[in-house]
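Please look over the model shown here before reading on. The report concerns its packing and pairing.

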Amino acid sequence: MDPNVENGSMQGDEVMGWGKSLPVPSVQEMVRKDSRGVPERYIQEHKDRPVEAEMCPNSSEIPVINFSLLVNGDEDERRKLDLACKEWGFFQITNHEVSEEVIKQMKAAVAAFFELPLEEKRNYAMAANDIHGYGQGFVVSEHQKLDWCDLMFLVTSPPKYKKMKYWPVTIPGFKYVLSAFPIGDDITIQHMEAVEQYSAEILKLTEDIFANISLLMGMDKDALKRLHGEMIKHGIRMNYYPTCSRPELVLGVGPHSDVSSITFLLQDDDITGLQIRHEEGWVPVKPIPNAIVVNIGDVIESWSNGVYQSIEHRAVTSVTAARMSIATFVMPDDDVELGPVETMVDDYNRPVMYKSIKYGDYLRYTLSNKMDGKANTGLLKVELESN
């Protein structure tokens, strides 16, 4: 059986046209057939390989924010958030409001999808002109190096952007059940399974994080939410990283920053795979059970005039165990303008460093290129005149 993931068709769905990715072999299927082989196209150039010499000292760890203290107005915790955003661009949140059971069910739903036979997963393959569905992202050339990863990408909100033909609703956790009960004045009760429930709880987290970052940026607490436009978009990327016999040669995901405003990541509790760029080296992000990793994306970098910067990060693989992760990208409306907000500009100390550009244009530009560190953020920046 040919392990290539073939493109699907939209068949009546409205196409957003955010971008596209070329079809490539399923890494999971490739490893199932030959667990020792590493095809040449996955072997990174020497400069890009995850070598031990580039790692930061073991004492380096990203900040941990007590979310319960933060949302209850603790000023010390808000200062920790400010420092985390300025110096790291990444932090983990504990004592948050996403329940352990919802996290467990979300991870189980994603695991069940990747356990499906390849022929069944192909029913949800990415379309030729969009990025929803199953496959691999940012593949724009037949010659570029590939990631050691398969993925599933779904937009979970707002409803108008959801494309249910890519939802594997036969799997518990991906279903969406709407039930009406004659309680009082015909109140409608919604029952949400894992993916919808997790998305709803992440939306609440999003609003709380935005409120605190808004205040740190000198705005009212609802400002970042308003800046996103009519509806905040959430897209979930579910990653499967198979085992690799030569993990020192490959990358699960190459270095990149996120095109989001912020990103929430559920890691595997037992395997460290995420690494972030910090002070010219790489820092592994050690999992904390039930914690959620949060990182600043390119959008907030632009709005904050570079005070809070998106940070390069990558994923590495393991020789002993496969790994999964679940990234939720928070994005503004396509028509929203990027560029510094007034409170983050000072003509003398911090002049305008980023130009005005529509988010949809930046998103399409980024998705039309392979991931290459922070190269795409150059489109956002003002070209400074040389003396």
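Predicted model: local features only at pLDDT ≥ 70, side-chain atom pairs only at ≥ 80, totals over all residues.

On the side of H3 the contact is made by Arg78, Leu81, Asp82 and Cys85, while H6 contributes Asn212, Ile213, Leu215 and Leu216. By class, this contact of H3 with H6 comprises 5 nonpolar, 1 polar and 2 charged residues.

An open sheet is formed by 4 strands in the order S8-S13-S10-S11, with antiparallel pairing. Because strand S8 (253–256) and strand S11 (281–284) stand at the edges with a single partner strand each, one side of each is left without a neighbour in the sheet. Neighbouring strands of this sheet are turned by 25 degrees against each other on average, direction ignored. Within the sheet, strand S10 (residues 274–278) pairs with strand S13 (residues 313–315) in the antiparallel sense over 3 bridges, and Gln275 stands opposite Arg314 in S13.

The structure holds 5 aromatic pairs, one of which, edge-to-face in geometry, joins Tyr42 and Trp148.

| Property of the Tyr42 and Trp148 pair | Value |
|---|---|
| Centre to centre | 5.4 Å |
| Between the planes | 85 degrees |

Tyr42 lies in the loop between helix H1 (27–33) and strand S1 (64–66), and Trp148 in the loop between strand S3 (133–135) and strand S4 (150–157), so the pair ties together parts that are 106 residues apart in sequence. Both Tyr42 and Trp148 are buried. One aromatic cluster is formed by Phe113, Phe114, Tyr124, Tyr134 and Tyr240.

Notes
Residues numbered from 1 in each chain as written. Heavy atoms only, no water. Contact = heavy atoms within 4.5 Å. Helix = DSSP H or I, 4+ residues; strand = E, 2+ residues; numbered from the N terminus. Nonpolar A, V, L, I, M, F, W, Y, C, P; charged D, E, K, R; others polar. Pairing = 2+ DSSP bridges. Axes fitted to C-alpha atoms, helices over the stretch in contact; angles between N-to-C directions. Phe/Tyr/Trp six-rings, centres within 6.5 Å; stacked < 30°, edge-to-face > 60°. Buried < 20%, exposed > 50% of the residue type's maximum accessible area, 1.4 Å probe, protein only.
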